[in-house]
Amino acid sequence: MKIDRARRMTGAILPGDSTVGFREYDIPVPGHGEVLIKTKSSTICGSDIRAIYREHLGKGPEGYQGVIAGHEPSGQIVECGPGMRRFADGDRVIIYHISGCGLCYDCRRGYMISCTSEEHRKAYGWQRDGGMAEYILAEEKDLVLLPDSLTYTDGAQVACGLGTVYEGLEKVGISGNDAVLVVGLGPVGLASLMLAKAMGAEKLIGVDVVPERLDIARDLGLVDEVLIAGPDTVERVRALTDGNGCERTIDCSGSEKGRLTCIQATRKWGKSVFIGEGGSVEFQPSPDIIHDQKTIFGSWVTSIWKMEELVERLVRWDIHPEDLVTHRFPLARAGEAYTLMADGKCGKIAIVFDEEVRSNEYP
Ligand SMILES: [Zn+2]
Ligand SMILES: [Zn+2]
């Protein structure tokens, strides 16, 4: 495709004071092994709000370098640099949101999230330009092919949130044997319910402090039971599971109380995974985990091969992560989009372009 470089593109940046700024940029030219992607959908992540939008909190991998924001992009390749090995013009793609050095131990395992190269590790939307612009420059090695049966808004969510959830659920293993508790029903919690259900979990219980989030989970048909968080949450979960607790528990709240609820509501011999970031937790190892033979996992993002596997399974399961999107905005209204996300009374929020624009979805 011929790119008109006489014109420039708009990109959104996050100054760190709960606002969104806009700047004009040259449309990038792909170098060796790089592609230019026409952005189609770019979803907002909870980590953007936590570490960039309200203030620039992050350090190291979460340090924000003032680049175009957005680390959950999906789009179509419109121009290729020289030296391409697999992808071509016109391919629909998801960007694994961290570009790693490709050669360290973690990159070789496919976990570029954990790349140890200070010089070469760069996350899209954090240390290199991300998806809140009309075009994104990406490296071919960071791409995952998006099947035709998935939309770009399905794909955008795989880039970070869904991939992260899939990794966590795979660590604890989910099947039809399990009652699953998800604490924290923001977009990551909703995605956890969606994937756990697809993996066969028969009893799904969701917990949050925000009533609107419980309503969204229920309206989407992702839960069997919802509980507003309170001092008796653990007892209520046990009451819903014949006094046992859940075989698998997923913390997406990142809060001290949420994590403790997960640990204590896990059934004997059960497994819990912590996905939600930040905060702390205090628990009593002997009664809370040791005597009941419980295991707690930590899980951070995923590998690029698992992301490819997830995409394959989404098609097989015939589920659409875009169902979790409650609001779509054009880039020019990114300010409203981030404000709404920071408020938390919503599902997933997407900035959309071209065929992903559905004007009736703007509130
Ligand atoms: Zn993210
Ligand atoms: Zn590396």
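How many bridges join strand 11 to strand 12? Four bridges link strand 11 (residues 203-208) and strand 12, which run parallel; strands are DSSP runs of E with at least two residues, helices are runs of H or I with at least four, and both are numbered from the N terminus. Within this pair, Val 207 stands opposite Leu 227 of strand 12.

The model is predicted: local features need pLDDT of at least 70, side-chain atom pairs count only at pLDDT 80 or more, and totals for chains, interfaces and linings use all residues. Residues are numbered from 1 along each chain as its sequence is written, while chains are lettered from A and ligands numbered from 1 in the order in which they are written.

The protein contains 10 helices and 17 strands. Its radius of gyration, taken over C-alpha atoms, is 20 Å, close to the 21 Å that the globule rule (2.2 Å times the number of residues to the power 0.38) gives for 363 residues, so the protein is as compact as a globular protein of that length. Of the 363 residues, 49% are buried, meaning that 20 or more other C-beta atoms, placed from the backbone, lie within 10 Å of the residue's own.

Helix 1 (residues 46-53) has six of its eight residues buried: Gly 46, Ser 47, Asp 48, Ala 51, Ile 52 and Tyr 53. These buried residues pack against helix 4 (187-198) and helix 10 (334-343).

How values were computed:
A residue is buried if 20 or more other C-beta atoms lie within 10 Å of its own, exposed if 12 or fewer, and partly exposed in between; C-beta atoms are placed from the backbone. Two residues are in contact if their C-beta atoms, placed from the backbone, lie within 7 Å. Two strands pair if DSSP finds at least two bridges between them.
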